Amino acid sequence: FQEQKLPVSCYYSVKTNPVPCLLRKLASLGVGASVISEYELWLARAVGFSRVIVNGPAKSDELRLSAARAGVGMYSLDSEGEVDRTMSVAHDEDHRLKVGVRVCPCLGTLSTKTSSGAKNSPYGLAPAESLVAAERVHNHPGLKFVGFHMHIGTGIKDLKPYRKALGVMERTILKANERGVPCAVLNLGGGIGIASAPIL
């Protein structure tokens, strides 16, 4: 990314370890916060995170409203149903929600733990469907499309699946640009595994 002169930001998953002193330290280092609930959004702001994104398949209407008012950097939509619900209630042009569309790259099974990038995954939209959703969001007066989001699984210890998924994302972004839907943000998700500590 640095070779291509592309800006990169790191976000910490608050649900992973929501200890205030740890979060405050990460915020002081310039790390952003990735949240999935109203409580996590409140906590992230309380400890000093200046950049926040919202992910997760079970977001409440209250979280959506709070995210819009807080001006989060990206609020990812995980399904067609969530796209429909968000579009039906987003009419506050003074607090336009910055939206990302989650793409399922529809690759093979990538992890023995969770493989949310596989063809049968319930999370995210297939690339063609994500383009339609992005276009709908882009044309909605109460929403602002900012980019795409992917999360291909947890515990992946090889970069090859990420390279494959990035190829899918690149093609999706180029097609979105052709449709007049610019992509400013690409959220790569997490899930890169590390070796467990040995049991002594």
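Why does S76 count as buried?

1. S76 has 0% relative accessibility, so S76 counts as buried. The cut-off for that label is under 20% relative accessible area. Keep in mind that this is a predicted model.

2. Now place S76 in the fold. S76 lies in strand β4, which covers residues 74-77. Set aside the neighbours within four places in sequence, and S76 is in contact with V54, N55, K59, E82, G100 and H149.

3. Strand β6 spans residues 143-149, and six of its seven residues are buried. H149 stands opposite N187 in β7.

4. Next, look at the partners of β6. Strand β5 (residues 97-102) pairs with β6 in the parallel sense, over six bridges. Within that pairing, L97 has L143 in β6 as its bridge partner. Strand β7 (residues 185-187) also pairs with β6 in the parallel sense, over three bridges.

5. Trace the chain through β6, α6 and β7. Together they make a right-handed β-α-β unit.

6. Turn to the nonpolar residues. The largest nonpolar core has 47 residues. V35, F49, V52, Y75 and F148 have the most contacts inside this core. Helix α6, residues 160-178, gives the most to this core, with six residues.

7. Beyond its neighbours within four places in sequence, F49 is in contact with L23, L26, A27, V31, G32, A33 and A44.

Technical notes: Residues are numbered from 1 along each chain as its sequence is written. This is a predicted model: local features need pLDDT of at least 70, side-chain atom pairs count only at pLDDT 80 or more; totals for chains, interfaces and linings use all residues. Side-chain values use heavy atoms; hydrogens and water are left out. Helices (H or I, at least four residues) and strands (E, at least two) are DSSP runs, numbered from the N terminus. Buried means under 20% relative accessible area, exposed over 50%, partly exposed in between (1.4 Å probe, protein chains only). Contact means heavy atoms within 4.5 Å. A nonpolar core is a set of buried Ala, Val, Leu, Ile, Met, Phe, Trp, Tyr and Cys residues joined through side-chain atoms within 4.5 Å. Two strands pair if DSSP finds at least two bridges between them. A crossover is right-handed if, with the strands pointing away from the viewer, the path from the first strand over the helix to the second runs clockwise.
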